[in-house]
Amino acid sequence: MKGIELSKAFFEEYGKPMLENEFSDLLPYLSAGLFGSGSECFGFDDEISTDHDFEPGFCIFLPDEETVDRRSAFLLERAYAKLPKEFMGYKRNMLSPVGGARHGVIRTAEFFSDKIGSENGELDLSGWLSVPEQALAEATNGEVFFDNLGEVTKIRAGLKFYPEDIRRKKLAGNLLLMAQSGQYNYKRCVDRGETAAAQLAVFEFVSSAISVIFLLNNNYKPYYKWSFRALRALPKLSLEAEIMEYLLTSDNDGDNAEEKYYSIEGIAADIIDELAEQGLTQAICGDLEKHAYSVNDGIEDAEIRNLHILAAI
């Protein structure tokens, strides 16, 4: 069973009745769900995932202390801790008196402040440029089981994806890195016999290409170890995953190097086609660098457009 399914089943059987029976006066202000850190919040968990931080747990989100005071929060946490210690064959983790790191009673403002540095989910230009993408993914993944106040849902909706100008800035920077590492430096490293440097160029190209593909799908890229798994599930350009896996796992000598160079150009061509399909570039060529600057030129906000092209990387 997937972790989020386990969590929701535990909530429906024990959590929801507990809240309705013991905290009916607080229900209008509460939210519950499972999202944040952990493979189960992305639906990527498997048998290996159960060796740590895997349990039938969920989160109860509270508004500010003026709405739900500290004593009520303490009573909620104590009630949560008293829920059955085992469910469907899985044991719950021990909670400290002030709550668990991933489950239990959490102030909404504290959760989002911890993830993205903003209690209400609002980010200025500096925030959008500096918050790690995986943190934004964790703030918007998983599932909200119920949200009577609507605060959690509203914040998550505002963080659903980058504003368009930020998306373009990140696209431009990553396209430029793809051009430098894959279309230019890879072959030069191979020609010099620097196979290790060539593989570093491949890594830079693949890393930037993955970022570009997530951006073109309007989807946050998760933590690196899940990026390929998430990439394969995207609606656009997901087939590039197999080619990029080949690039990362093959040698850089002989015919292999030539095949890898053509694979790099093939990925670049597919991405250029998608850029054109979305109206993101006006360039007409196979040079990713020119497309990078064309994407940057399309940014409406002059302040963002005039930032260094790598400012969002």
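The side chains of Glu242 and Arg232 meet in a salt bridge, with N and O 3.0 Å apart. Glu242 lies in helix α10 (residues 240–249) and Arg232 in the loop between α9 (227–231) and α10, so the pair ties together parts that are ten residues apart in sequence. A salt bridge here is a side-chain nitrogen of Lys or Arg within 4 Å of a carboxyl oxygen of Asp or Glu. Helices (H or I, at least four residues) and strands (E, at least two) are DSSP runs, numbered from the N terminus. Glu242 is partly exposed, at 48% relative accessible area. Arg232 is partly exposed too, at 36%. The cut-offs are these: buried is under 20% relative accessible area, exposed is over 50%, and partly exposed is in between (1.4 Å probe, protein chains only).

The model is predicted: local features need pLDDT of at least 70, side-chain atom pairs count only at pLDDT 80 or more, and totals for chains, interfaces and linings use all residues. Residues are numbered from 1 along each chain as its sequence is written, and side-chain values use heavy atoms, with hydrogens and water left out.

Back to the charges. Side chains of opposite charge can pair when their charged atoms come close. The count of salt bridges comes to ten. Look next at helix α7 (residues 164–191), where Glu164 and Arg167 are three residues apart, separated by about one helical turn. Their closest N and O atoms are 3.0 Å apart, in a salt bridge. Glu164 is partly exposed, at 35% relative accessibility. Arg167 is buried, at 4%. Arg168 joins in: Glu164, Arg167 and Arg168 are linked in a network of salt bridges.

Helix α7 also holds Asp191 and Lys187, four residues apart, about one turn of the helix. Their side chains form a salt bridge, 3.2 Å from N to O. Asp191 is exposed, with a relative accessible area of 56%. Lys187 counts as partly exposed, at 39%.

Now turn to the nonpolar interior. A nonpolar core is a set of buried Ala, Val, Leu, Ile, Met, Phe, Trp, Tyr and Cys residues joined through side-chain atoms within 4.5 Å. The largest has 65 residues. Those with the most contacts inside it are Leu136, Leu159, Leu175, Met178, Met244 and Ile271. Helix α8 (residues 195–216) gives the most to this core, with twelve residues. Apart from this core lies another, of 26 residues, among them Ala32, Leu76, Val105 and Phe145.

Take Met244 as a view into the largest core. Leaving out residues up to four places away in sequence, Met244 touches Val206, Ala209, Ile210, Ile213, Phe228, Leu231 and Ile267. Contact means heavy atoms within 4.5 Å.

Next comes helix α1 (residues 3–22). The helix bends by about 50° at Phe11. The bend at a residue is the angle between axes fitted to the seven residues ending there and the seven starting there. The buried residues of α1 are Gly3, Ile4, Leu6, Ser7, Phe10, Phe11, Gly15, Met18 and Leu19. They pack against β1 (31–34), β2 (59–62), α2 (70–81), β3 (86–87), β4 (90–91) and β6 (143–147).

Aromatic rings come next. The structure holds 22 aromatic pairs. Rings of Phe, Tyr and Trp (its six-membered ring) pair if their centres lie within 6.5 Å; planes under 30 degrees apart count as stacked, over 60 as edge-to-face and the rest as tilted. Phe42 and Trp226 have ring centres 5.4 Å apart and planes at 45°, so the pair is tilted. Phe42 lies in the loop between β1 and β2 and Trp226 in the loop between α8 and α9, so the pair ties together parts that are 184 residues apart in sequence. Trp226 is buried, at 12% relative accessibility. Phe44 and Trp226 also form a tilted pair, with centres 6.2 Å apart and planes at 55°. Phe44 is buried, at 13%.

Ring pairs also link Phe10, Phe11, Tyr14, Phe58, Tyr80, Phe87, Phe145 and Phe146 into a cluster. Arg92 lies over the face of Tyr80, 4.8 Å from the ring centre. Elsewhere, the charged end of Arg156 sits over the ring of Phe35, 4.2 Å from its centre. A charge sits over a ring if NZ of Lys or CZ of Arg is within 6 Å of the ring centre and within 35 degrees of the ring normal.
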